[in-house]
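Reader: I've got a sequence and a model open on my screen, and I'd like to talk through what is there. Could you take my questions one by one?

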Amino acid sequence: SGADGGSASSAPYVVADEGMPDAAEGGAEVLVERAALKRRLFRVWDKDTDGFLKKDELVVLARAAGFEGSDEEWAAEYPSMCAENKVDPESGFSEQAVMALLDDDSEDGPQCYLSDQDLKEILAETGGDD
């Protein structure tokens, strides 16, 4: 009976790995929570509330993602970042463009990916965690 007990106890893990509906719903909830975190952070960073992050607003995101350059280096980096993402430097990055930056964890991307935990910590530090 010990062998039967062993196989019975491992069965739920196999089924769960195959994607039970509950697991899929949990994944969707995590995505919804991440989207909400990103939107709240965007609103915190969008100081002039125009729906876009321009150079002086986007630098906060860049620093959160690890940019350690000077203001002068950021002034040089911002236009190239805009060009790479097909964004008008005068208008700035739309909320949709910022959401894409925060999710881009590719090696050749702008390196602005922030984990859910990073997003929560930044919101707590900036007072946007209401």
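This is a predicted model: local features need pLDDT of at least 70, side-chain atom pairs count only at pLDDT 80 or more; totals for chains, interfaces and linings use all residues.

Reader: Let's start with Thr49: is it buried or exposed, and what is its relative accessible area?

Author: Thr49 sits in the loop between helix 2 and strand 1 (52-53). The cut-off for exposed is over 50%. Thr49 is therefore exposed, with a relative accessible area of 66%.

Reader: What is the phi of Thr49?

Author: Thr49 is not a glycine, yet its phi is positive. The value is about 50°.

Reader: Lys86 is in a loop too, so where is that loop, and does Lys86 count as buried or exposed?

Author: The loop with Lys86 runs between helix 4 and strand 2 (93-94). Lys86 also has a positive phi, about 55°, without being a glycine. Its relative accessibility is 77%, so Lys86 counts as exposed.

Reader: Let me step back: what pattern do the helices and strands follow along the sequence?

Author: The protein has six helices and two strands. Read along the sequence, they give the pattern α-α-β-α-α-β-α-α.

Reader: And what percentage of the residues is buried?

Author: The protein has 130 residues, and the cut-off for buried is under 20% relative accessible area. Buried residues make up 25% of them.

Reader: Which side chain makes a polar contact with the side chain of Arg34?

Author: One of the residues Arg34 touches is the partner here. The polar contact is 2.6 Å, and the side chain on the other end is that of Asp116.

Reader: What about Lys38: which residues does it touch, and is it buried or exposed?

Author: Lys38 is found in helix 2 (residues 21-45). If you skip residues up to four places away in sequence, Lys38 touches Met99, Leu102, Asp103 and Leu119. With a relative accessible area of 7%, Lys38 is buried.

Reader: Now helix 3 and helix 4: how are they oriented to each other?

Author: Two packed helices are described by the angle between their axes and the distance between the axes. The axes of helix 3 (residues 55-64) and helix 4 (residues 71-84) come within 10 Å and cross at roughly 100°. Angles of 65 to 115 degrees fall in one class, so helix 3 and helix 4 are roughly perpendicular.

Reader: Which residues meet where helix 3 contacts helix 4, and how many are nonpolar?

Author: Helix 3 brings Lys55, Leu58, Val59, Ala62 and Arg63. Helix 4 brings Asp71, Trp74, Ala75, Tyr78 and Met81. Of the residues in this contact, three are charged, none are polar and seven are nonpolar.

Reader: How far apart are Ala62 and Tyr78 in space?

Author: Ala62, in helix 3, is buried at 5% relative accessibility. Ala62 touches Phe67 and Trp74, not counting residues up to four places away in sequence. In sequence Ala62 and Tyr78 are 16 residues apart, while from C-alpha to C-alpha the distance is 9.6 Å.

Reader: Which residues of helix 3 are buried?

Author: Ala62, with its 5%, is one of them.

Reader: Is the pair of Phe67 and Trp74 stacked or edge-to-face?

Author: Phe67 is partly exposed at 22% relative accessibility, whereas Trp74 is buried at 3%. Their ring centres are 5.4 Å apart and the planes sit at 65°. Planes over 60 degrees apart meet the cut-off, so the pair is edge-to-face.

Reader: Which residues do ring pairs link into a cluster?

Author: The count comes to three aromatic pairs. Ring pairs link this cluster: Phe67, Trp74, Tyr78 and Phe93.

Key:
Residues are numbered from 1 along each chain as its sequence is written. Side-chain values use heavy atoms; hydrogens and water are left out. Axes are lines fitted to C-alpha atoms, for helices over the stretch in contact, and angles run from 0 to 180 degrees between N-to-C directions. Helices (H or I, at least four residues) and strands (E, at least two) are DSSP runs, numbered from the N terminus. Angles under 35 degrees count as roughly parallel, over 145 as roughly antiparallel, 65 to 115 as roughly perpendicular and the rest as oblique. Contact means heavy atoms within 4.5 Å. Ala, Val, Leu, Ile, Met, Phe, Trp, Tyr, Cys and Pro count as nonpolar, Asp, Glu, Lys and Arg as charged, and the others, Gly among them, as polar. Buried means under 20% relative accessible area, exposed over 50%, partly exposed in between (1.4 Å probe, protein chains only). Rings of Phe, Tyr and Trp (its six-membered ring) pair if their centres lie within 6.5 Å; planes under 30 degrees apart count as stacked, over 60 as edge-to-face and the rest as tilted. A polar contact is a pair of N or O atoms within 3.5 Å; within protein, one must be able to donate a hydrogen and the other to accept it, and residues adjacent in sequence count only if both atoms are side-chain atoms.
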